[in-house]
Amino acid sequence: MHFDLNNLIRQNIKDLQPYSSARSEFSGEARVFLDANENSFGSPIKNLSITETDYNRYPDPLQWDLKKKIATIKNTDAEKMLLGNGSDECIDLLFRAFCNPQKDNVIICPPTYGMYKVYANINDVEAKEVNLLLNFQLDIKSLEASIDENTKMIFLCSPNNPTGNSLDREDIEIILNNFDGIVVIDEAYINYSRHRSFLKELNEYPNLVVMQTFSKAWGLAALRLGVVFASAEIIEVLNKIKPPYNINQATQELAMLALDHLQQVNEMIKTTIREREFLENKLKQLSIVEKVYPSDTNFLLVKIKEATSVYNLLKTKGIIVRNRSNVVLCDDCLRITVGTKEENDVLIQILQNF
Ligand SMILES: *Cc1c(COP(=O)(O)O)cnc(C)c1O
């Protein structure tokens with residue numbers, strides 16, 4: 001392996017003079033802020049006592065307080081972290097940092113999360129597709145064969161959406177050890193998994209990027225908060241191109257609050273896994289269900305007779321699941337998120353009568 005970050009960064013990004021926000025030029029204690037054209041008189045929500053802060057001031061562009069708190073929980077450094085407006089923004093930033101439109105390419109491994117391809121398309125970057133094997137593991141030989149000199153990133157999702165399984169650690173290590181470009185591991189569902197995160201391996205692999213999110217186990221999908229963990233050098237590149245105030249003040253405060261309640265999150269994770277096992281057992285007893293795939297996530301991929309009819313029936317009853325039956329390797333499959341006990345009971349009851 002010969003990893004050289006400098007060779008991967010787009011020339012226009014290397015040359016970029018980043019926007020220097022009023023707040024980033026000044027650090028320290030001040031009494032009077034007349035530098036950013038904010039409204040010095042406050043905001044209409046100031047006295048509603050929703051939170052202690054007013055929102056008339058621009059937030060910290062680098063979200064240091066929040067990052068330090070996450071770093072403590074994750075046992076890493078705030079300097080090795082970038083926060084995005086959801087993982088979506090993180091994915092987009094990676095494309096913009098490393099992929100020249102109409103020239104470079106990335107590799108994705110379907111069936112997987114749809115946004116990698118969407119952002120490849122938005123950025124006019126080719127997404128080479130190397131399907132997973134029938135057991136939903138990486139096809140290492142084909143992967144290797146599709147890497148060329150313009151391949152900048154490989155996106156791996158583990159545990160994978162929509163299949164629910166974790167990718168074999170040895171396979172991921174082979175790629176990390178042999179690919180000169182960036183290896184992105186999307187760990188959106190890691191909190192539900194029996195397998196270890198790759199976060200601890202950050203110092204070992206300069207080409208490793210780990211993505212996590214507050215949208216799943218943390219229960220904060222509406223906040224839009226995603227995290228990139230990578231070397232300080234990679235983070236520096238991403239910081240250069242991110243919108244200066246991409247994480248708003250309310251999100252920073254609410255995420256800080258949430259981080260004080262790790263115990264509660266761990267309880268929810270346990271409950272989710274318990275309900276997933278319940279749902280899995282109930283589903284397996286149904287005659288229309290052909291297979292429930294093993295899951296390291298908060299959802300189940302279920303192979304079902306007449307999947308689209310079942311999907312439509314559920315819809316008429318006001319229950320929405322994800323129809324994946326047209327997705328490669330997912331013929332006749334529905335993806336069902338684990339609900340509350342009551343929600344799962346209703347689902348099973350309807351399916352029993354199909
Ligand atoms: C849900 C999910 C995310 C989360 O995306 P956000 O933009 O952070 O909400 C990321 N990756 C995968 C694979 C997901 O399924």
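At what angle do the axes of helix α5 (residues 86-98) and helix α6 (residues 115-122) cross? The close-ups below start there, and everything in them comes from a predicted model.

**View 1. Helix α5 crossing helix α6.** The two axes come within 10 Å and cross at roughly 45 degrees. That angle makes α5 oblique to α6, and the crossing is right-handed. On the α5 side, look for Asp88, Ile91, Asp92 and Phe95; on the α6 side, the contact is made by Met115, Tyr116, Tyr119 and Ala120. Sort these residues by class and you get 6 nonpolar, no polar and 2 charged. As for the spacing, an α-helix has 3.6 residues a turn, so residues three or four places apart point the same way.

**View 2. Aspartate 88, a residue of helix α5.** Here we zoom in on aspartate 88, which lies in α5. Is this residue buried or exposed? Its relative accessibility is 18%, and since buried means under 20%, aspartate 88 counts as buried. Leaving aside residues up to four places away in sequence, aspartate 88 touches Tyr113, Met115, Tyr119 and Arg224. With tyrosine 113 there is a polar contact between side chains, at 3.5 Å. Also look for threonine 213: it sits 125 residues from aspartate 88 along the chain, yet the C-alpha atoms of the two are separated by 9.8 Å.

**View 3. Helix α5 meeting helix α9.** Now we stay with α5 but turn to another partner, helix α9 (residues 232-241). Their axes come within 10 Å and cross at roughly 100 degrees, so the two helices are roughly perpendicular to each other. From α5, the contact uses Leu93, Leu94, Arg96, Ala97 and Phe98. From α9 come Ile234, Val237, Leu238 and Ile241. By class, that gives 8 nonpolar residues, no polar ones and 1 charged.

**View 4. Helix α10 and what covers it.** The last stop is helix α10, which spans residues 249-259. Which of its residues are buried? They are Thr251, Gln252, Glu253, Ala255, Ala258 and Leu259. The cover over these buried residues includes α4 (64-74) and α11 (262-284).

Terms used
Residues are numbered from 1 along each chain as its sequence is written. This is a predicted model: local features need pLDDT of at least 70, side-chain atom pairs count only at pLDDT 80 or more; totals for chains, interfaces and linings use all residues. Side-chain values use heavy atoms; hydrogens and water are left out. Axes are lines fitted to C-alpha atoms, for helices over the stretch in contact, and angles run from 0 to 180 degrees between N-to-C directions. Helices (H or I, at least four residues) and strands (E, at least two) are DSSP runs, numbered from the N terminus. Angles under 35 degrees count as roughly parallel, over 145 as roughly antiparallel, 65 to 115 as roughly perpendicular and the rest as oblique. A crossing is left-handed if the near helix is turned anticlockwise from the far one by less than a right angle, and right-handed if clockwise. Contact means heavy atoms within 4.5 Å. Ala, Val, Leu, Ile, Met, Phe, Trp, Tyr, Cys and Pro count as nonpolar, Asp, Glu, Lys and Arg as charged, and the others, Gly among them, as polar. Buried means under 20% relative accessible area, exposed over 50%, partly exposed in between (1.4 Å probe, protein chains only). A polar contact is a pair of N or O atoms within 3.5 Å; within protein, one must be able to donate a hydrogen and the other to accept it, and residues adjacent in sequence count only if both atoms are side-chain atoms.
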